Structures are given as C-alpha cells and as structure tokens.
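Here is a quick tour of a protein model with a ligand in it. Have the viewer open as you read.

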Amino acid sequence: MEPLAVLAQSLAPALEEVSSDQLDQSIISGHPFVVRGCSIVRAAQERLSPEALKQLLRTTPISIEHKHRWESRRTTLSAKEYLDNLDRTDFYWRQADLRSLGISDLKLPSPANFRPDTMFFDSLWVGPNGTVQTFHQDNHDAVVVNRNLFCQVHGSKYVAIASPADSEYFRAYPLKNGTDRHSSVSPFDPATALSCPSFAHSILHSGDLLYVPPRYWHYLQSLSISVSVSRWWFSSRLVELLYASAMGGEMAEPTFLGELVWDNDVRELGGVEVLDQYIERLSGVQKYAIYARLVRLYGEGIFKHGRQGKS
Ligand SMILES: O=C(O)CCC(=O)C(=O)O
C-alpha cells in the first residue's frame, strides 16, 4: 500500500507551489498525485465557506442525499437550513454544479496546455463529518471519460485510489444509467489495501489538490465538516456537449469559445463512428435532445455524413 505521490508542498501561503506546466506534466504521466497547500485552492476558501454559501443561496432549495452512498435517502431543504445544521445533519450535498449556483468566476487550478476553450465542470461537495463516497469510477463509458482535479477547500477527507488495471479487486456493479461503476469494497479491508498493487491513499487537508486520472477507482470519506470542488474535464468539445446533455437540467450547458466547426470537432472526438456509437445506445428522447442541440449549434450540415434521420 502506497501513500499518494506528493507533487509539491508549499511552505508559505503565498508561494505559487506548482506551475501549470508542472501540473500538465504530472497529468500527462497518468498517475494520481496530491499537491499540498495549493494557493489557488486556498484562495477559494473565502467564497466557498459554509457561511458565504449561506449568504449567497439563502432560501434556495437544494437536493441532498444520505451521507452514506449506499443509503438511497434524498430530501430537499433550503440552503440556509442545511448549512446551519452541518454539524448535526446526516445528509450530504453532493455534486452541485457551481455555475448553476451562480459561481462561475472562481479561479481554480487548471492544466495549462490543454485545449484553450476546455470547459470545466465544477461541482461542489458540502457535508458533515462521515460522508462516504464508496469506491467508484466516474463515467465508465467508451466515449465520455473525465479527468478530475479535486480541490479540498475546507476540512479534511480520506482518499483511497487505485488503477483501472486493478478492477478485479473491486467487484464492480453497474448503476442503472450505465455511465459509472461502484463497488462495495472497503479501503479499510486489508484484503483490498494489501493485495491491490496500485492501491494508494492519503488524507487531504484544506487547501490540498488531488488529481484523479481517467477511470481510476476512488473512495472519499470526510473526516470533518467538509467543502470540496471537483473539476472534471473531457477530451473534446463534443464530449463536453454529450456529457452536459446527458445530465440534462442538472448541469449548465458548455459555453463554447471560438467558432464551432463540425468537421474539426468530429475529428477531435475520434470520428463520426464514435459519435454514432455513443448516440445509438441512448433512448429515443435522449437521441432527439442530442440531435436538437447539435443542429442548433452546428446546423443541418451535420447530416451530410449519411446519418439517418433524427430519432
Ligand atoms: O468528495 C466526495 O465525496 C466524492 C467526490 C468524487 O467522487 C469525485 O469528485 O468524482
């Protein structure tokens, strides 16, 4: 069992501890890592404190789930009521789209040399001590695969992580939507931790940054009241669009910069066959929604590839 590799450790609060180029090199290496005390994450602390969120959202209703991933209890409360009781609630405010909450201008760590108009899907995770997100792989799908820069903004979280090459240790079961995979294996079970070759773990403290590479198994458990932000990004513009469409109203639509050129974007995705393969598996309603968006953004010309109809 290995501790997660630490990429950089800042000694002074103002130190710019890791350059974007260094971040890129580490991301390209394909391994998970932690940056300790990241100044950009620390700079987000004021705006993302439970108190600041309460001021911003007040009586806005928020959808919360039981703090244990395996208990499927959900309810809705006003942001104020939830945040006022963070020290005694059993509920977790999971994966709330930051832009939909009206927070779109927050500076967060970014890789430098990826597509200049990469769209980040930033989600807020706010909860009490003891929230558990069991081992899972995000977006286990042939086309839509995300990377994740996970920012621990307030409080601390235990994280365990393992390579998709070691999936045999996780006895995964697919969820209904088929887009991600979960496992009931515990990171505290010595059989997992000691036998899975790529198993690594760490405790993230406020200000730390974790990189979760594509398809890596990850488990997170809060050790205090905690606020985190996950920064997901995808490999191409069309994948951003497919992901946002699949999430429907829960996620803001990508705002593309620059000109949308169908042929370029299809090439970036890996070809029109990849798009067709993805769309084929959707329901009639989802297919219609995707085609409607594609036509709105790119025009009717997208059908010149001989694709049959819109449903
Ligand atoms: O922090 C958590 O509870 C889960 C985060 C997570 O699974 C993710 O960012 O993909």
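## Ground rules and overall fold

This is a predicted model, so local features need pLDDT of at least 70 and side-chain atom pairs count only at pLDDT 80 or more, while totals for chains, interfaces and linings use all residues. Residues are numbered from 1 along each chain as its sequence is written.

The protein has nine helices and 16 strands; these are DSSP runs numbered from the N terminus, with helices being H or I of at least four residues and strands E of at least two. Among contacts with a separation of 6 or more, 80% link residues 24 or more positions apart; a contact here is two C-beta atoms, placed from the backbone, within 7 Å.

## Around the ligand

Which residues sit around the ligand? They are Trp 125, Thr 131, Gln 133, Asp 138, Asn 148, Phe 150, His 218, Leu 220, Ser 228 and Ser 230, each with its backbone-placed C-beta atom within 6 Å of the ligand. Strands E9 (147–154), E15 (217–222) and E16 (226–233) each give two or more residues to that shell.

By class, the shell is three nonpolar, six polar and one charged. Nonpolar covers Ala, Val, Leu, Ile, Met, Phe, Trp, Tyr, Cys and Pro, charged covers Asp, Glu, Lys and Arg, and the others, Gly among them, are polar.

## Helix H6 and its cover

H6 (residues 237–247) buries Arg 237, Leu 238, Val 239, Glu 240, Leu 241, Leu 242 and Tyr 243. Their cover includes helices H7 (262–269), H8 (272–280) and H9 (284–298).

H6 and H7 pack at about 85 degrees with axes 7 Å apart, which makes H6 roughly perpendicular to H7 (65 to 115 degrees counts as that). In H6, Arg 237, Leu 238 and Val 239 meet Asp 265, Val 266, Glu 268 and Leu 269 in H7; that contact has four nonpolar, no polar and three charged residues.

Strand E10 (residues 157–162) runs antiparallel to E13, joined by five bridges. Ala 160 stands opposite His 201 in E13.

Gln 95 isn't a glycine, yet has a positive phi of about 50 degrees; Gln 95 is in strand E6 (residues 91–97). Arg 215, also no glycine, has a positive phi of about 65 degrees and lies in the loop between E14 (208–212) and E15.

Key
A residue is buried if 20 or more other C-beta atoms lie within 10 Å of its own, exposed if 12 or fewer, and partly exposed in between; C-beta atoms are placed from the backbone. Axes are lines fitted to C-alpha atoms, for helices over the stretch in contact, and angles run from 0 to 180 degrees between N-to-C directions. Angles under 35 degrees count as roughly parallel, over 145 as roughly antiparallel, 65 to 115 as roughly perpendicular and the rest as oblique. Two strands pair if DSSP finds at least two bridges between them.
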